[in-house]
Amino acid sequence: MSRILDMRHCRLSPSSLMLFTCKSLDSSNANYLKLNNKGALKSSLQANSSEVGFDHITYRGSLSLKVKEDDVNAFDALPHVRYLSEFQKDELMGKVVMVRFDSNVLLGEKQNQQSRIFISALSTITYLHEAGAKVILTSSWSVKTNSKLHSAESVSAYLSSILKLRVIPMKSFRGHEHPKMEDSMKPSIYLVENLSQFKEDLANSSRFSEELSSGVDIFVNDAFFQSHKVLASTVGVTSFVYASVAGFQFEEGLAQLKNAFGTKRNPYIAMVGGGNLVEKAAAVQYLVSSSDGLVFVGNMAFQIMHALGLPVPRKLVEAGAFNEAIRIIQIAKSRNIPILFPKDFWCINDRLKKPQLVPTHCLLEGWSPFALGPNSLEEITTLLSKSKKIVWIGPVKFGLSIQDSYGTSILAKLLGRLSQGNCDVTVIGNMACKALMGESSVSSICNVIENASIVWEFLKGRNLPGLMALDRGYPYNIDWHAIYDDPARPLLVDIGSGNGLFLFGMARKMKDMNFLGLEMNGKLVKRCLETVRQSGLKNGYFIETNATSTFRSIVSGYPGELVLASIQCPNPDFNRPEHRWKMVQRSLIEAINDLLSPDGKVFLQSDIEAVALRMKQQFLKYGKGKFTIDHQEEWLKENPFGAQSDWEQHVLHRGVPMYRLMLSKSLR
């Protein structure tokens, strides 16, 4: 972008720093900047949205299946998980339940024990204890969490004091099962040793996950603010337990996220602090695409200024941020909304150490901004005071300085006052939340989210692994009538459908049935869906998903009967001597058993006998006594359907045997 402003003489007036018109706000006293077709800056009182092409499309995850239009919103990436609150206490009696709690919530040195998050975290543990479950607590902590809590013994003593229940530290969990219930009438609470000591937790080691969850029936994830991480203690363990659900603190955290970005009130202003625009560009693009205006109160402001041709000291320009800033400006331009960045800064000079007030348009080399100027605070106050919804994320921080305490304090007081009126206020990030709680006596009225990392990840449109790993989670309500001509027909579900060769063969042969493929490989699913579209097939469909956690919620909504489920040639884990395959878990088998019609069948096959044998054993073990083998011979010699998967064809072509099994569901 060409710089056409004469910065040497500071000819641009300070009042011209709000970009574009926001119709919902009073803008009669401000000048505006807009981009012409050549990318130059130009003063105007009206914005012409057609002058700048809008080439950005906000995209929050690919929708590989048809959904109801009302359900397509910013939360398509968030699955509908099963909550602990849905479990009746009698379902928990005698169960071994592992709870992954957030040490920052429960163990923090300066913790607000009256906050909803803290209270809900305690409620998860007490609810399980009162239900008669044996509770095993897991987490990681360090001196940064609490300088007074180091050992598992000290943490156990602290948890005992706040829970008013005895918490017993476990010396070790490796190499043996968790201790058994001593007395079912007196359920125990145990604390596993500090997980930060084990690198396998950060690596999401499958073997470590299995050891950690040994003997556990139900996993409760109560560490919502760790959901952006892939940990063995939040993600890996879900493959080795009966069910995985969200605890009360997890549920509260998810509700906070939905309150922040799922409610609609206008005008809605997003105030963005901090830096690293390149890393957070997708998140800022989402904010500018969904809000009625953006206010920059951190280092990102310099990237916007730089893209607009304003003078910015080289040390404040972030490498690679120029194009991202231009894209953000273009989105705001196309939507006709304002972007506000500081009009003045308190600065020090390399030669003059005494702080001086410097207008933004005169911020030349040698100046180091460290705080918002009075004109900036006045303009921000004016804009926010007219808003009905405000989200503040990121610290008020410029350059390498510490947080601007004065500017932060002014903004915190303002938001505290606005929250008492008719304005929804959400404050995100540790620094901003501390400022709000320190300056405002009404911080409880605001939606306060101390962990900004998970919010940034959500705003970028990324999946939250800790959330996606939970059982019964699937983000869409499927419109079966849009997928199939007749959704009342019997259904066959192929779990791990690969390139769809088996399902396509079945769908062409059996027109009186519907066929659904569940496959984790997104590229294969896209190819299959394209084939469905080109062929006009109306009794076959494919969904990109992890069937282990989503089978129940997907198939339970199907209008017709599930008559057959198939698992063919699953990938073995050759690091395990028994070739354990992670997908065929108890939760999946029980879901199939519960949803299968009374005379339904399950078809299993593999070219590795140990894998086929293990699947057989798992179905017979966890099928609640309702599965029986449908043939006298140990393995079926032929494929009973006359339609083969691509891997089956490959195996037979090599002359290698297939190990096939058909199970029938009995009525007993």
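Modeller: Start with Q226, which is found in the loop between strand 8 (218-222) and strand 9 (243-246). Strands (E, at least two residues) and helices (H or I, at least four) are DSSP runs, numbered from the N terminus. This is a predicted model, where local features need pLDDT of at least 70, side-chain atom pairs count only at pLDDT 80 or more, and totals for chains, interfaces and linings use all residues. Residues are numbered from 1 along each chain as its sequence is written, and side-chain values use heavy atoms, without hydrogens and water.

Is Q226 buried or exposed? Q226 is buried, at a relative accessible area of 9%. Buried means under 20%, exposed over 50%, and partly exposed in between (1.4 Å probe, protein chains only). What does Q226 touch, once neighbours within four places in sequence are set aside? Its contacts (heavy atoms within 4.5 Å) are D102, N104 and N451.

Now the chain around it. It has 668 residues, and 59% of them are buried. There are 22 helices and 25 strands. Take contacts between residues at least 6 apart in sequence: 75% of these join residues at least 24 apart.

G505 lies in helix 17 (residues 501-509). It is buried too, with a relative accessible area of 18%.

Next, the interior. In soluble globular proteins, nonpolar side chains tend to be buried together. A nonpolar core here is a set of buried Ala, Val, Leu, Ile, Met, Phe, Trp, Tyr and Cys residues joined through side-chain atoms within 4.5 Å. The largest core has 121 residues. L106, L137, L159, F261 and F296 touch the most other members. Helix 3 (residues 116-130) supplies the largest share of this core, 7 residues. A second, separate core holds 58 residues, among them I495, L562, L588 and A591. Back in the largest core, L159 is one to inspect. Beyond four places in sequence, L159 contacts F101, L106, L107, L137, K164, V167 and L191.

Helix 3 also packs on helix 7 (residues 248-261): their axes come within 7 Å and cross at roughly 150 degrees. Axes are lines fitted to C-alpha atoms over the stretch in contact, with angles from 0 to 180 degrees between N-to-C directions. Helix 3 and helix 7 are therefore roughly antiparallel; under 35 degrees counts as roughly parallel, over 145 as roughly antiparallel, 65 to 115 as roughly perpendicular and the rest as oblique. On the helix 3 side are R116, I117, S120, A121, S123, T124 and Y127; on the helix 7 side, F248, Q249, E252, G253 and Q256.

Helix 8 (residues 277-290) and helix 10 (residues 322-335) make another pair, with axes within 10 Å and a crossing angle of roughly 0 degrees. These two helices are therefore roughly parallel. Helix 8 contributes L277, A281 and V284, among others, and helix 10 contributes residues including I328, I331 and A332.

Finish with helix 9 (residues 300-307), where 8 of its 8 residues are buried. F302, I304 and H306 are among them. G309 follows helix 9, with a positive phi near 90 degrees.
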